[in-house]
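Colleague: I have the model open beside the sequence. Could you take me through it?

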Amino acid sequence: MKKKRRLALRTIILTVLLAAIFYTLYANLTKDTRKTAAVGEEAPDFVLKDLEGNEHRLSDYRGKGVFLNFWGTWCKPCKTEMPYMENQYQQYKDQGVEIIAVNAGETNLAIETFAKQYQLSFPIVVDHTGEVQKAYGIYPLPATFLISPDGKIVDYIEQSLTEDMIKNYMERIKP
């Protein structure tokens, strides 16, 4: 009886490990074929709600540069760059540059706690369904798109940002 149980347990563990290995290989081999919103193209439009239930439509920001950041409260690089984003938002919001921070579908409580902790004042919207992340081809977090005042993607950054980098990016999309 013990041998059968041990064999069953080993079989389950082996199956789970093989599934994890195959998933990892698949994810790594297909990451370059995932469609991402491309530099030079029109930024995919979306409508997402903020924590107060207000709708934010990307196309409503035409005429302004948009720093579109995808993030999560659990993401360590996101935690590092959020205060820098807030500092630069205070410098550039009156110069025609907006930040839209798209959260990766977490609970309002987690997002509100995070926003209060870091004293964030820029719009934070929530992608509960993951559709916007899919439209932009986001993987992994953090990810940032720079969008020009005419709605075109200027750049895509897939790394943690320093304050100087954010300032330079804001300059690039300033009207």
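Predicted model: local features only at pLDDT ≥ 70, side-chain atom pairs only at ≥ 80, totals over all residues.

Colleague: Which residues of helix α5 are buried?

Modeller: In helix α5, which covers residues 163-173, they are Ile166, Tyr169, Met170 and Ile173. Viewed down the axis of α5, these buried residues fall within an arc of 100 degrees, so they line one face of the helix.

Colleague: And what is phenylalanine 67 in contact with, leaving aside its neighbours within four places in sequence?

Modeller: Its contacts include Ile166, Tyr169, Met170 and Ile173. Met85, Glu98, Ile99, Ile100, Thr144, Phe145, Leu146 and Leu161 are also among the contacts of phenylalanine 67.

Colleague: Let us turn to the core. Which residues touch the most other members of the largest nonpolar core?

Modeller: That core has 46 residues, and those touching the most other members are Phe67, Leu68, Phe70, Phe122, Tyr136 and Phe145.

Colleague: There are several rings in that list. How many aromatic pairs does the structure hold?

Modeller: The structure holds eight aromatic pairs. In one of them, phenylalanine 70 and tyrosine 136, the ring centres are 5.6 Å apart and the planes stand at 45 degrees, so the pair is tilted.

Colleague: Where do phenylalanine 70 and tyrosine 136 lie?

Modeller: Phenylalanine 70 is in strand β3 (residues 65-71) and tyrosine 136 is in helix α4 (residues 131-136), so their pair ties together parts that are 66 residues apart in sequence.

Colleague: Is phenylalanine 70 buried or exposed, and what about tyrosine 136?

Modeller: Phenylalanine 70 is buried, at a relative accessible area of 1%. Tyrosine 136 also counts as buried, with 0% relative accessibility.

Colleague: What about the pair of tyrosine 89 and phenylalanine 122?

Modeller: That aromatic pair is edge-to-face, with 5.8 Å from centre to centre and 80 degrees between the planes. Tyrosine 89 belongs to helix α2 (residues 76-92), while phenylalanine 122 sits in the loop between α3 (108-117) and β5 (124-126); the pair thus links distant parts of the chain, 33 residues apart. Both tyrosine 89 and phenylalanine 122 are buried.

Colleague: Which residues do ring pairs link into a cluster?

Modeller: The cluster consists of Phe46, Phe70, Tyr136, Phe145 and Tyr156.

Colleague: Changing topic: how many disulfides does the structure hold?

Modeller: There is one disulfide. Cysteine 75 and cysteine 78 form it, with their sulfur atoms 2.4 Å apart. The link between cysteine 75 and cysteine 78 is right-handed, with 75 degrees about the S-S bond. Cysteine 75 and cysteine 78 are both buried.

Colleague: Now the backbone. Where is there a cis peptide bond?

Modeller: A cis peptide bond joins leucine 141 and proline 142, with omega about -5 degrees. Proline 142 is located in the loop between α4 and β6. As background, most peptide bonds are trans, and most residues other than glycine have a negative phi.

Colleague: Which residue has a positive phi although it is not a glycine?

Modeller: Glutamine 119 does, with a phi of about 50 degrees. Glutamine 119 is found in the loop between α3 and β5, and it is exposed, at 64% relative accessible area.

Colleague: Finally, how is the protein chain divided into domains?

Modeller: The chain is divided into domain 1 (1-33) and domain 2 (47-173). The C-alpha centres of domain 1 and domain 2 are 36 Å apart.

Technical notes
Residues numbered from 1 in each chain as written. Heavy atoms only, no water. Core = buried A, V, L, I, M, F, W, Y, C linked by side-chain atoms within 4.5 Å. Buried < 20%, exposed > 50% of the residue type's maximum accessible area, 1.4 Å probe, protein only. Contact = heavy atoms within 4.5 Å. Phe/Tyr/Trp six-rings, centres within 6.5 Å; stacked < 30°, edge-to-face > 60°. Helix = DSSP H or I, 4+ residues; strand = E, 2+ residues; numbered from the N terminus. Arc of directions from axis to C-beta. Disulfide = S-S within 2.5 Å. Domains from an automatic or database assignment.
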